[in-house]
Amino acid sequence: MSDQNDIYATPESASTETAPEDRIPFLHKIFYGVGGFCNNLLAAAIGTMANPVLNIGLGMSPTLIGWAAGIPRIFDAVTDPLVGYISDNTKSRWGRRRPFIFVGAILVGVLFALLWVLLPTNASETTLFIYFLVGSLIFYGAYTVFATPWVALGYELTPDYNERTRLMGVQNTFAQIPFAISPWFLYIVQKKEWFGTIAQGGAILAIIIGVIVVCLGVLPAIFLRERLTHDIAVECEDDEADGAQDERGGRSALMHNLICFFQGFGTTLRFIPFLKLCAATFLVFNGFQLIGAFQQYVSIYYLCGGDTECGGYWTGWAGTVGIIATFPIIALVTFLATRYGKRKTLIGAVALSMVGFALKWVCYNPEIPWLIILPAPLMSFGMGALFTLMPAMVADVVDADELNTHERREGMYGSIFWWVVKLGLSAALIGGGILLDATGFDVALEGAQSDETLFLMRLADAFVPVIASGFAIWALLSFNITEERAREIRDELEARRGSLGDGSTANA
């Protein structure tokens, strides 16, 4: 596909023209973006389906739902960096990343469907909690096998500062589509004309999602190629000492790999520019997700007086409008970032989203329910910019780290960054359930929630993200890898070890 059709192409007025060999064909950007669609479809589905199916449908406590969905993400602290390390050090005829992406897509799609199909709907609350907890642990393990190498692949598809932004702009465009669909999941699963129960609706929806993930998730592995034309060794200080021991037995080799893993993990966590990005991501994403379920409950119990179908209807419209707005926002953010820098653009977008969240306090009005739609476009600026610019900024951090350490750790950086995202989701799932209980919400009361409960729910829904986003902006203010510095780093790296690959290899 020609550059004229690439809405993320840099016009001649850009500060620095991207070299032809650094460009990624637009069709290949789409193939990478399809992976983001699958990644977010699973994340949006499990987050959106848990409360309607388990709480409203089966009567499970919101706090227990939060723990069952949140605990597995804590285990990702081990599994994500481990898979990232293994991916960084894999050598195969298909590359370092692609075998994991292919197998992981199939596994995670099948396991997601089974998680909801096998749900023991007639079991006790304790049994239901144990089932969902164990099932989620298995599901998220497969999720990591797919998502971590897919993320790392994106960091290495191009070495250009602005082309990375364009790649992530296309990727995030596809990744936002599930969030346009998922607000309607509540409306779908509780539709009595289609399904007998909410649990049955959840099972059918999960099968559809699983099939989509299996079919689309394998495409990046099939059609993309890694840019590396030779190995960049990931060394550690223990190499010489363990070299002779490795010949004496597998146990020493295992110990050597563990030492290398923990050294790389520690080096990654000590890199200050990366920590600033992680902190800002955690705050923006966690602030949004912490009240993710609140919008459903505010819509049902405040706007609609306990009518779940009415609440699902307006939640669906608010979510759809917000996501529709996200698509031009991504294009705008990509455009502005290639002119004014990623950091400035991201700070401005997060600030606009704070305005949108604050407007929920006045726009969620039972007498004029359609006003719920008005804050949605402004709220979309934060998340739209976050997952367009943050991955591109992490790719710049990987280069800066190589300059310091002579090592490439895309998998390690990607796994830790996205674990922070998952940690935010885990904390949000756990904290959101606790916060909902703390407001005094009682599902048994149906539409008769107290005025105090409704007030506290609305207060958290509007202002928790505002506070968290304010701290995120503070963390971003001192991030100092600008376009000029990123290009200096690239020049120094290529002078030292040469280019990692040419355009034909990158885009074969």
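Start by selecting residues 308-340, which is helix α13 (helices are DSSP runs of H or I, at least four residues, and strands are runs of E, at least two, numbered from the N terminus). Its 33 residues reach 45 Å from the first C-alpha to the last, close to the 48 Å expected at 1.5 Å a residue; the expected span is 1.5 Å times one less than the number of residues. Before going on, note that this is a predicted model, where local features need pLDDT of at least 70 and side-chain atom pairs count only at pLDDT 80 or more, while totals for chains, interfaces and linings use all residues. Numbering runs from 1 along each chain as its sequence is written, and side-chain values use heavy atoms, with hydrogens and water left out.

Stay on α13 and pick phenylalanine 327: a kink of about 30 degrees lies there, shortly before proline 328. The bend at a residue is the angle between axes fitted to the seven residues ending there and the seven starting there. Then step to glycine 341, which follows α13 and has a positive phi, near 100 degrees.

Next, select 342-363 and 376-405 together, which gives you α14 and α15. Their axes come within 7 Å and cross at roughly 155 degrees; axes are lines fitted to C-alpha atoms, for helices over the stretch in contact, and angles run from 0 to 180 degrees between N-to-C directions. The two helices are therefore roughly antiparallel (over 145 degrees; under 35 counts as roughly parallel, 65 to 115 as roughly perpendicular and the rest as oblique). Their contact holds 16 nonpolar, four polar and four charged residues. In that tally, Ala, Val, Leu, Ile, Met, Phe, Trp, Tyr, Cys and Pro are nonpolar, Asp, Glu, Lys and Arg are charged, and the others, Gly among them, are polar.

Now pick histidine 406, in the loop between α15 and α16 (410-438). Most residues other than glycine have a negative phi.

Jump to α1, residues 26-57. At 1.5 Å a residue, its 32 residues should span 46 Å, and the end C-alpha atoms are 43 Å apart, which agrees. Look at methionine 49 for a kink of about 35 degrees, shortly before proline 52. α1 is mostly covered, with 27 of its 32 residues buried (under 20% relative accessible area; exposed is over 50%, partly exposed in between, with a 1.4 Å probe and protein chains only). Valine 34 in α1 is buried, at 11%. After α1 comes glycine 59, with a positive phi near 75 degrees.

Last stop: α2 (residues 62-88), where you'll find aspartate 80. Is aspartate 80 buried or exposed? Buried, with a relative accessible area of 0%. Tryptophan 418 is 338 residues away from aspartate 80 in sequence, yet 8.2 Å away C-alpha to C-alpha.
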